[in-house]
Amino acid sequence: MKQDKTLSLIGLATRAGKTASGEFCTEREVKAGKAKLVILAEDASGNTKKKFQNMCDFYQVPIRLSYGKEALGHAMGKELRASLAILDEGFAGSILKQLDTRKKD
């Protein structure tokens with residue numbers, strides 16, 4: 001049930017224009033200081049995971065590995081998505097809370 005809520009929040013943020021997806025756009029938003037949270041697909045390549053982990057550590061942006069490319073893309077109403085950035089503090093906080101409680105369950 002909590003998975004659905006997280007994906008719903010991602011969908012809401014997308015419809016509100018508060019997300020950026022795809023490697024290039026996600027990277028651009030992180031470097032511009034606009035990204036409040038980065039979500040990577042669990043099935044993203046090792047190279048992509050390492051690149052974003054290092055970038056997010058450097059720019060001090062929270063990052064979470066969650067879902068698959070298909071689930072993330074579907075939540076955003078797009079095709080497969082390996083990475084996405086949440087650009088709104090409120091959405092980022094809510095999604096982080098959901099993801100972190102999901103890990104504990």
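Predicted model: local features only at pLDDT ≥ 70, side-chain atom pairs only at ≥ 80, totals over all residues.

Guide: Residues are numbered from 1 along each chain as its sequence is written, and side-chain values use heavy atoms, with hydrogens and water left out.

Visitor: At what angle do α2 and α3 pack?

Guide: Angles run from 0 to 180 degrees between N-to-C directions, with axes fitted to C-alpha atoms, for helices over the stretch in contact. Here α2 (residues 23-32) and α3 (residues 46-59) pack at about 15°, their axes 10 Å apart. That makes the two helices roughly parallel (angles under 35 degrees).

Visitor: Which residues make the contact?

Guide: Contact means heavy atoms within 4.5 Å. From α2 come Glu23, Thr26, Glu27, Val30 and Lys31, and α3 supplies Thr48, Lys51, Phe52, Met55 and Tyr59.

Visitor: Where is glutamine 60, with its positive phi?

Guide: Glutamine 60 sits in the loop between α3 and β3 (63-65). Its phi is about 55°, although it is not a glycine. Glutamine 60 is exposed, at 72% relative accessible area (exposed is over 50%, buried under 20%, partly exposed in between; 1.4 Å probe, protein chains only).

Visitor: And is tyrosine 67 buried or exposed?

Guide: Buried, with 7% relative accessibility. Tyrosine 67 also has a positive phi, about 60°, without being a glycine, and lies in the loop between β3 and α4 (69-76).

Key:
Helix = DSSP H or I, 4+ residues; strand = E, 2+ residues; numbered from the N terminus. Parallel < 35°, antiparallel > 145°, perpendicular 65-115°, else oblique.
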